[in-house]
Amino acid sequence: MAAENPKDVVRRGYDALSLRYDEAYQSDTKYASWIASLNARLMDGSRVLDLGCGNGVPVVRDLVRAGHHVTGIDISEVQIRRAQELVPDADFITADATAVDFPDASFDAVVSLYALIHIPLEEQPPLLVASWLRPGGWFLCSTGQHEWTGVDENWLGSGVAMWWSHADADTNRAWLTRSGLMVEQEEFVPEGDSGHALFWARRP
């Protein structure tokens with residue numbers, strides 16, 4: 001594992017377990033209040049980027065239903081293929097999130113839920129980008145609450161490996177601020193014996 005690119009582990013894991021992931025996590029219920037809150041902060045017809053969009057449900061689906069123009073990016077070809085079928089009115093790109101770039105002020109919001117934590121630590125700060133956002137635009141992301149890097153060789157009881165890496169909440173907050181974003185809200189999202197930090201940040 002030490003000699004293997006962790007992004008390949010993540011890609012293979014989601015390729016193999018796209019459907020099982022849906023069954024294991026109640027995303028529709030878990031994300032509903034966050035999506036509703038984001039919708040309330042956006043103007044009609046806003047442009048939104050979802051980094052680590054998975055199969056497009058529920059984030060991209062619900063934002064499209066609300067009338068927004070959404071672009072989803074994910075490293076897993078299987079997840080993107082499913083997203084294209086489940087949310088045909090959105091734009092999807094199969095790509096490593098750290099390898100994409102957009103012109104300044106391209107989006108009214110950038111969302112990244114449970115995706116940054118699958119990216120090597122040193123590559124995470126450049127993704128907390130204020131420049132892609134229009135002035136006043138929102139960045140909604142979940143990050144680690146506590147620092148940890150590791151692999152589960154039997155993710156979701158499947159025999160398939162998955163890899164994570166995240167800094168603690170204080171570090172993520174500092175990264176967001178350093179990127180030019182203003183953190184306006186933060187909450188702890190419990191999960192099992194631990195949990196994640198959820199940040200609402202805004203470009204001034």
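Student: Which residues of H4 are buried?

Tutor: First, this is a predicted model, where local features need pLDDT of at least 70, side-chain atom pairs count only at pLDDT 80 or more, and totals for chains, interfaces and linings use all residues. Residues are numbered from 1 along each chain as its sequence is written, and side-chain values use heavy atoms, with hydrogens and water left out. Helices (H or I, at least four residues) and strands (E, at least two) are DSSP runs numbered from the N terminus, and buried means under 20% relative accessible area with a 1.4 Å probe, protein chains only. On that basis, the buried residues of H4 are Val78, Gln79, Ile80, Arg82 and Ala83.

Student: What covers the buried residues of H4?

Tutor: Here contact means heavy atoms within 4.5 Å. The cover includes helix H1 (6-24), S2 and S3.

Student: Which hand does the crossover from S2 through H4 to S3 have?

Tutor: S2 and S3 (residues 91-94) pair in the parallel sense over 4 bridges; pairing takes at least two DSSP bridges. The chain gets from S2 to S3 through H4 (residues 77-86). With the strands pointing away from the viewer, a clockwise path from the first strand over the helix to the second counts as right-handed. This β-α-β crossover is right-handed.

Student: Which residue in S3 is the bridge partner of threonine 71?

Tutor: Threonine 71 sits in S2, opposite leucine 49. Its bridge partner in S3 is aspartate 91.

Student: Why is S2 largely enclosed?

Tutor: S1 (residues 47-51) runs parallel to S2, joined by 5 bridges. S2 (residues 69-74) is largely enclosed by the rest of the structure because the buried share of its residues is 5 of the 6.

How values were computed: Buried < 20%, exposed > 50% of the residue type's maximum accessible area, 1.4 Å probe, protein only.
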